[in-house]
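Welcome, and please get your viewer ready. We will go from one selection to the next and look at what is there.

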Amino acid sequence: MSKETSKEKEIKEESPKTGKNKRSDKAASSSEKVDQETKASEAKSEDQSEDLLKKVTELKQKYDEVEDKYLRAEAEMANMNTRFKKEQEKLLKYDGQNLAKDVLPVIDNLDRALKIEVEDEASKQIKRGIELVYKDMEKALSANHIIKIEALGQAFDPTKHQAVKSVQAENGQKPETVVEVFQDGYMLKDRVLRPAMVVVAQ
């Protein structure tokens, strides 16, 4: 057998080393590729998470806006219902106000007729008839919550009395009191239909 030359020895020794280096490089390259893919996947996941978070925030904002509009609309409806009920109650409470105002001049005329002094029997009979009509009218007004305002001898109240004249207080009269009534005033429940026209002592 011939001896191996030094050159052949070198080739044999180097050959295994070269193969091992190639495998090592390939493994390193594969590892780097996996790292890059992992990083890319993580970056993609982060982007998706940010997009989802952004969409959730937008949806929550839209939900809050819709809820706010709904609550406002609900409150407005409640206010409208309350106003409507109050108006209805007011209309019912003061129902017949216009009719009462039209009837008051009739009461005034009947009252004036009763103040006329008569002597003959025929006139007295007519006066008694007028008195019955007057009482029936007052009764009808009272049944509909229309009452006469107390004025004579009362303290002057500008919300219920209208002063048409003032006179000097005399004979123990107190200042700012009603000493004469020119025309009766009337109220419908708590509303003044017509103030009493009065003379006030000063």
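Leaving aside its neighbours within four places in sequence, which residues is Thr177 in contact with? Select Thr177 in this predicted model and you will find Gln154, Ala155, Phe156, Val199, Val200 and Ala201 in contact with it. Thr177 belongs to strand β3, which covers residues 177-183. Its relative accessibility is 13%, under the 20% cut-off, so Thr177 counts as buried. Now show the side chain of Thr177: it reaches the backbone oxygen of Lys174 at 2.5 Å.

Next, select the largest nonpolar core, whose twelve residues are Ala100, Val103, Leu104, Ile107, Leu110, Leu114, Tyr134, Leu141, Ile146, Tyr186, Leu188 and Leu193. The largest share, six residues, comes from α2.

Stay with this core and pick Ile146. Beyond four places in sequence, Ile146 is in contact with Ala100, Leu141, Tyr186, Met187, Leu188 and Leu193. Then move to a second, separate core of five residues, among them Val178, Ala196, Val198 and Val200.

For the last stop, select Arg194, in strand β5 (residues 191-194). Is this residue buried or exposed? Arg194 counts as buried because its relative accessibility is 16%. Show its side chain together with that of Asp108: the two make a polar contact at 2.7 Å. Not counting residues up to four places away in sequence, Arg194 also touches others, including Leu104, Ile149, Gln183, Asp184, Gly185 and Tyr186.

Terms used. Residues numbered from 1 in each chain as written. Predicted model: local features only at pLDDT ≥ 70, side-chain atom pairs only at ≥ 80, totals over all residues. Heavy atoms only, no water. Helix = DSSP H or I, 4+ residues; strand = E, 2+ residues; numbered from the N terminus. Buried < 20%, exposed > 50% of the residue type's maximum accessible area, 1.4 Å probe, protein only. Polar contact = N/O pair within 3.5 Å; in protein donor to acceptor, adjacent residues only side chain to side chain. Contact = heavy atoms within 4.5 Å. Core = buried A, V, L, I, M, F, W, Y, C linked by side-chain atoms within 4.5 Å.
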